[in-house]
Amino acid sequence: MKVLVTGGTGFAGREILRELHRAAHEIYFLSRRGHSAVCYAIEEEFSGELCSGDVLDSKSLPEACAGMDVIIHLVGIISEVGRQTFENVHTLGTQNIVKAAQKTGVRRFIHMSALGTRPNTVSRYHKSKWAAEEIVRNSGLDWTIFRPSIIYGRGDGFVNLFAKIIRRSPIVPILGMGQTKFQPMPVESVASAFVKALNKPEAIRQTYDLCGPKTFTLNEIVDEISTALKRKRLKVHVPFALARCQAALLEFIFGKLLHKPPPLNRDQVLMLQEDNIGNGKPAAELFELKPGSFREGIARYL
């Protein structure tokens with residue numbers, strides 16, 4: 001199949017491209033910056049072909065979509081800067097790529113959402129993800145929506161962040177009391193689900209949680225990372241009220257002054273106050289996923 005991937009240069013995107021390559025699909029990937037070192041590496045490693053385009057520029061998308069059998073839409077952000085807002089990237093970007101698919105006759109559309117996405121949520125991140133899901137559901141395309149939990153693997157932005165802190169500091173700051181629950185999922189399993197969905201007609205017009213078989217609190221995740229690194233560290237819990245103030249300050253400094261995504265934002269603080277768990281069994285059974293042990297998984301790359 002000829003597959004166009006948006007967000008293919010990101011952490012999960014690279015693994016999905018790798019899985020597509022293994023399955024002998026024709027790979028095309030969207031880039032708004034043109035050729036870069038990452039794009040050249042993708043072209044060489046996966047025999048991928050770059051398509052110039054930006055999900056925020058609707059006029060740039062039909063040419064990239066023309067002739068494709070499938071679009072895998074992965075574009076997403078966790079922090080905002082400039083035009084790269086949750087509403088623009090998640091909602092408007094999805095609307096633009098869906099319209100391009102409709103215009104060019106692409107039927108199959110596989111969409112990456114996020115675990116915790118639902119109506120009446122409190123965070124703007126999840127609100128924008130829900131609006132994007134509604135656009136996909138109402139598109140008339142043969143869609144499948146995936147909602148991954150925290151994705152871990154070489155190059156991830158969650159486990160590696162804590163690993164960096166644990167390596168450098170005797171103290172690990174944790175927002176709240178660290179009792180928020182998660183079901184981490186290896187990036188290889190996420191990629192496998194996306195690619196296997198291409199040949200699963202029963203996955204059409206279905207939404208699947210992609211989450212690991214075991215639930216961990218944030219405290220337990222930090223302990224698992226510490227164990228993998230063979231380090232003992234003191235966990236210091238930061239009250240959510242203080243974390244919100246810190247996040248607001250970081251948003252101002254990074255977003256307004258440095259024009260960079262802040263390392264912490266108020267939406268992340270909100271999301272850390274609710275459990276991030278789901279039902280991964282339907283996806284595991286249909287796509288034959290075997291995520292394996294979180295401890296063994298992170299030990300392989302930490």
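Author: Start with Thr-180, which sits in the loop between E8 and strand E9 (181-182). Keep in mind that the model is predicted.

Reader: Why is Thr-180 called buried?

Author: Its relative accessible area is 11%. Buried means under 20%. Thr-180 is therefore buried.

Reader: Which residues does Thr-180 touch, leaving out those up to four places away in sequence?

Author: Phe-216, Thr-217 and Leu-218, along with Leu-272, Gln-273, Glu-274 and Asp-275. As for His-237, it is 57 residues from Thr-180 along the chain, and their C-alpha atoms are separated by 12 Å.

Reader: Why is Ile-171 called partly exposed?

Author: Ile-171 has a relative accessible area of 37%. Buried needs under 20%, exposed needs over 50%, and partly exposed is what lies in between. So Ile-171 is partly exposed. Ile-171 lies in strand E8 (residues 171-175).

Reader: What makes the nonpolar surface patch that includes Ile-171?

Author: Ile-171, Leu-234 and Val-236 make it, and the patch is about 240 Å². A patch residue needs over 30% relative accessible area. Ile-171 has 37%.

Reader: Why are H4 and H5 called roughly parallel?

Author: The axes of helix H4 (residues 86-104) and helix H5 (residues 124-137) cross at roughly 10 degrees. Angles under 35 degrees count as roughly parallel. H4 and H5 are therefore roughly parallel to each other. Their axes come within 8 Å.

Reader: Which residues make the contact between H4 and H5?

Author: From H4, they include Phe-86, His-90, Thr-94 and Val-98. From H5, they include Tyr-125, Ser-128, Ala-132 and Ile-135.

Definitions and conventions. Residues are numbered from 1 along each chain as its sequence is written. This is a predicted model: local features need pLDDT of at least 70, side-chain atom pairs count only at pLDDT 80 or more; totals for chains, interfaces and linings use all residues. Side-chain values use heavy atoms; hydrogens and water are left out. Patches are made of residues with over 30% relative accessible area and no salt bridge: like charges are joined within 9 Å, nonpolar side chains (Val, Leu, Ile, Met, Phe, Trp, Tyr) within 5 Å. Accessible areas come from the Shrake-Rupley method with a 1.4 Å probe; for residues, only the protein chains shown count as cover. A salt bridge is a side-chain nitrogen of Lys or Arg within 4 Å of a carboxyl oxygen of Asp or Glu. Helices (H or I, at least four residues) and strands (E, at least two) are DSSP runs, numbered from the N terminus. Buried means under 20% relative accessible area, exposed over 50%, partly exposed in between (1.4 Å probe, protein chains only). Axes are lines fitted to C-alpha atoms, for helices over the stretch in contact, and angles run from 0 to 180 degrees between N-to-C directions. Angles under 35 degrees count as roughly parallel, over 145 as roughly antiparallel, 65 to 115 as roughly perpendicular and the rest as oblique. Contact means heavy atoms within 4.5 Å.
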